[in-house]
Amino acid sequence: MTQKISLTRYLVEQQRIDGLIPSQLRLLLEVVARACKSISQAVNKGALGGVLGSAESENVQGEIQKKLDIIANEVLIEANEWGGHLAAMASEEMDGIYVVPNRYPQGEYLLLFDPLDGSSNIDVNVSIGTIFSVLTKPEGGGGVEAKDFLQTGSKQVAAGYCIYGPQTTLVLTVGDGVAMFTLDREQGSFVLTQEKMRVPADTQEFAINMSNMRHWAAPVKRYVDECLQGKDGPRGKDFNMRWIASMVADVHRILTRGGVFMYPWDAREPHKPGKLRLMYEANPMGWLIEQAGGAASNGQQRILDIVPSQLHERVSVILGSKNEVERINNYHRQI
Ligand code: P6P
């Protein structure tokens with residue numbers, strides 16, 4: 001019987017054999033994984049746990065918060081604040097940063113997260129997930145401030161997500177490819193189930209919310225229209241479409257079998273570059289996709305090169321199979 005490799009053992013080996021991750025980063029990732037297990041328990045209870053429905057409050061994005069949004073946020077804060085590995089945290093559910101209280105030691109890492117992505121799916125029992133990104137606090141004295149988080153995605157030292165679906169699965173990169181861990185509920189631990197995940201360079205599957213079609217810019221309209229023309233059109237092949245409305249679930253599918261995911265700018269709110277957030281959605285997902293051989297752009301530039309100007313800024317996202325993303329980028333260059 002092949003030996004099961006736990007997340008702990010995988011991270012120890014990444015630390016010891018590859019020298020890739022310092023012990024404090026290994027501790028951080030194990031704490032985040034433990035928090036995701038707790039969130040998974042709460043999600044799985046559903047109506048039985050009284051955790052469904054609205055919390056009757058709004059987050060900084062002006063979105064109605066679900067009870068589980070708040071629970072997941074609190075679980076991540078409480079799990080990470082005392083360990084001494086973090087200086088501060090930032091969350092989709094909090095306006096400002098959360099500096100580790102003085103009663104705890106401060107570490108060198110900054111943790112950003114969307115505690116529960118895909119909230120609109122919570123009450124209808126469709127996969128949702130936690131997305132996280134890890135940066136290093138810039139050198140220099142003084143307390144940590146929001147501006148310390150404003151680093152390009154290329155500066156991430158770890159990124160991942162945990163998807164709460166038929167299985168609870170943690171997908172992670174520390175810069176040496178993408179590994180997937182499935183929660184063994186009997187043992188209560190994440191077990192390595194796939195290493196070196198790869199996104200095929202080509203695909204016949206695209207993911208976008210088609211109801212916004214009339215609002216898209218010309219390059220996106222052109223790309224989707226050509227896909228819809230199928231084998232009789234310029235692409236010479238038929239395409240399939242998926243849209244789960246949980247970025248974590250759509251990205252997991254793409255990491256597993258390829259595809260292209262688009263949440264582009266659209267004319268509904270023309271002053272916004274897109275719906276998704278750069279720091280704790282596009283950057284971690286973009287790095288995972290690149291680490292698996294795919295590409296991630298906003299149509300004009302690589303997601304991971306975008307210099308952020310504010311913590312909750314939004315971005316247009318096109319990511320997945322490299323050749324498809326490059327085709328869409330080319331269409332943007334041709335206008
Ligand atoms: P729409 C979930 O709210 C989310 O932030 C992403 O997870 C998802 O891809 C997108 O929004 C869905 O947006 O407009 O299709 O509901």
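Guide: We will look at the ligand, then at some single residues. Keep in mind that this is a predicted model.

Visitor: Let us begin with the ligand. Which residues come nearest to the ligand?

Guide: Start with the neighbours. A residue counts as near if one of its heavy atoms lies within 4 Å. Here 13 residues are around the ligand. Asp117, Asn209, Trp243, Met247 and Tyr263 come nearest.

Visitor: How many residues of each class does the shell around the ligand have?

Guide: Sort the shell by class. There are 6 nonpolar, 3 polar and 4 charged residues.

Visitor: Which strands each supply at least two residues of that shell?

Guide: Look at strand E13, residues 260-263, and strand E14, residues 276-277. Each of these supplies at least two residues of the shell.

Visitor: How much of the ligand does the protein bury?

Guide: Compare the ligand alone with the ligand in place. Taken alone, the ligand exposes 400 Å². The protein buries 84% of that.

Visitor: Which pocket is the space taken by the ligand?

Guide: That space is the largest pocket.

Visitor: Now single residues. Is serine 133 buried or exposed?

Guide: Under 20% means buried, and over 50% means exposed. Serine 133 has 2%, so serine 133 is buried. Find this residue in strand E6, residues 128-136.

Visitor: What joins the side chains of serine 133 and glutamine 156?

Guide: A polar contact of 2.7 Å joins them.

Visitor: Where is alanine 87 found?

Guide: Alanine 87 is in strand E3. Its relative accessible area is 0%, so alanine 87 counts as buried. Alanine 87 and tyrosine 104 are 17 residues apart along the chain. Their C-alpha atoms are separated by 9.8 Å.

Visitor: What about loops? Is valine 51 buried or exposed?

Guide: Check the number and not just the element. Valine 51 sits in the loop between helix H2 (23-45) and strand E1 (54-58). At 9% relative accessibility, valine 51 is buried. Valine 51 and aspartate 69 are 18 residues apart in sequence, and their C-alpha atoms are 9.6 Å apart in space.

Visitor: Where is the place of methionine 94?

Guide: Methionine 94 lies in the loop between strand E3 (86-91) and strand E4 (98-99). Its relative accessible area is 15%, so methionine 94 is buried. Methionine 94 is 21 residues from asparagine 73 in sequence. From C-alpha to C-alpha, these two are 8.7 Å apart.

Visitor: Why does asparagine 125 count as exposed?

Guide: Compare its value with the cut-off, which is over 50% for exposed. Asparagine 125 has 73% relative accessibility, so asparagine 125 is exposed. This residue lies in the loop between strand E5 (109-117) and E6.

Visitor: What is the phi of asparagine 125?

Guide: Phi is near 60° there, a positive value in a residue other than glycine. Alanine 245 also has a positive phi, about 65°, and is not a glycine. Look for alanine 245 in the loop between strand E12 (240-241) and helix H5 (247-257). With a relative accessible area of 36%, alanine 245 is partly exposed.

Visitor: One last residue. Where is alanine 267 found?

Guide: Go to the loop between E13 and E14. Alanine 267 is partly exposed, at 39% relative accessible area. Alanine 267 and methionine 213 are 54 residues apart along the chain, with 10.0 Å between their C-alpha atoms.

Definitions and conventions: Residues numbered from 1 in each chain as written. Predicted model: local features only at pLDDT ≥ 70, side-chain atom pairs only at ≥ 80, totals over all residues. Heavy atoms only, no water. Areas by Shrake-Rupley, 256 points an atom, 1.4 Å probe, with all protein chains shown as cover. 1 Å grid on protein atoms, 1.4 Å probe; cavity = no way out; pocket = protein on both sides within 12 Å on 5 of 7 lines; lining within 4 Å. Sits in = over half its atoms within 2 Å of the grid points. Helix = DSSP H or I, 4+ residues; strand = E, 2+ residues; numbered from the N terminus. Nonpolar A, V, L, I, M, F, W, Y, C, P; charged D, E, K, R; others polar. Buried < 20%, exposed > 50% of the residue type's maximum accessible area, 1.4 Å probe, protein only. Polar contact = N/O pair within 3.5 Å; in protein donor to acceptor, adjacent residues only side chain to side chain.
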